[in-house]
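My notes follow the structure.

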Amino acid sequence: VARREGWLRLQAEAQISPALLARARAVGGEWQLLVIAVDRCGDSMNSVPYAARLADSVPGLSLRIVQPSAGRAVQAAHRTMDGRMATPTLVLLDAAGNEAGCLVELPTPLRHWTDKARATVSDDSLHVYRDAFYLKDRGVSVSTELVEMLEAAKAGTPRCERLTPR
């Protein structure tokens with residue numbers, strides 16, 4: 001309901017490069033992306049359509065989206081580097097349901113900029129930069145990170161940059 005036009009636009013426009021799709025397909029196996037997201041979240045709106053396009057395009061990769069009420073335990077175990085539960089939280093599961101990687105809230109380049117800038121700029125400035133990043137990036141960062149996560153999982157080296165729960 002919230003941000004409906006943006007969600008629909010990004011779902012229709014979401015593209016993943018043929019090279020990334022080839023890499024993802026080469027991983028093989030059975031995988032599931034569990035996504036905790038809310039419609040009002042701009043970061044979810046700008047990332048989830050690309051995860052969905054990847055799942056639609058790669059045999060053996062499925063996607064399940066749940067609300068935080070159903071995914072609270074997963075979010076609590078995958079907090080941001082500053083300790084917050086955030087959306088989207090994307091967790092890669094192997095065929096047995098074991099965690100094989102994660103992406104919490106933001107693609108890596110945006111997360112690193114935001115973590116550095118958070119103490120020095122206003123929330124409004126953070127949102128303006130994020131919006132500009134997503135507009136320019138067009139899902140390349142999140143798509144690349146998801147494919148790299150699949151490749152790392154296949155290699156037995158799960159990738160998940162997050163705060164380690166205590």
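I call it a contact, or a touch, when heavy atoms lie within 4.5 Å. I started with Asp-94, which touches Glu-30, Trp-31 and Ala-100, leaving out residues up to four places away in sequence.

Ground rules. This is a predicted model, where local features need pLDDT of at least 70, side-chain atom pairs count only at pLDDT 80 or more, and totals for chains, interfaces and linings use all residues. Residues are numbered from 1 along each chain as its sequence is written, and side-chain values use heavy atoms, with hydrogens and water left out. Helices (H or I, at least four residues) and strands (E, at least two) are DSSP runs, numbered from the N terminus.

Entry 1: Asp-94. I found Asp-94 in the loop between β3 and β4. Asp-94 has a relative accessible area of 25%, so I log Asp-94 as partly exposed. I also checked Lys-154. Lys-154 is 60 residues from Asp-94 in sequence, and the C-alpha to C-alpha distance is 9.1 Å.

Entry 2: the sheet. What is the strand order? I read β2-β1-β3-β4, an open sheet of four strands with mixed pairing. Two strands pair if DSSP finds at least two bridges between them. β2 (61–66) and β4 (99–104) are the edge strands, each pairing on one side only. The twist averages 20 degrees from one strand to the next.

I then went through the pairs. β1 and β2 are parallel and share six bridges. Trp-31 stands opposite Leu-61 in β2. β3 (residues 89–93) and β4 run antiparallel, joined by five bridges. There, Leu-92 has Gly-101 of β4 as its bridge partner.

Helix α4 (residues 68–77) packs on the sheet and touches β1 (31–36), β2 and β3. The direction of α4 makes about 110 degrees with that of β1. For angles, axes are lines fitted to C-alpha atoms, for helices over the stretch in contact, and values run from 0 to 180 degrees between N-to-C directions. I noted that β1 is mostly covered, with five of its six residues buried.

Entry 3: α1 and α3. Helix α1 (residues 4–13) packs on helix α3 (residues 42–57) at about 30 degrees, with the axes 9 Å apart. From α1, the contact uses Gly-6, Trp-7, Leu-10, Gln-11 and Ala-12. From α3, I listed Ser-44, Met-45, Asn-46, Val-48, Pro-49, Tyr-50 and Arg-53.

Entry 4: Ser-47. Ser-47 lies in helix α3. Ser-47 counts as buried because its relative accessibility is 1%. Which residues does Ser-47 touch, not counting those up to four places away in sequence? I found Pro-88, Pro-107, Tyr-134 and Val-142.

Entry 5: α5 and α6. The axes of helix α5 (residues 108–117) and helix α6 (residues 123–137) come within 11 Å and cross at roughly 165 degrees. That makes α5 roughly antiparallel to α6. My classes are roughly parallel under 35 degrees, roughly antiparallel over 145, roughly perpendicular from 65 to 115, and oblique for the rest. Pro-109, Leu-110, Trp-113, Thr-114 and Ala-117 of α5 meet Leu-126, Tyr-129, Arg-130, Phe-133 and Tyr-134 of α6.

Note on methods
Buried means under 20% relative accessible area, exposed over 50%, partly exposed in between (1.4 Å probe, protein chains only).
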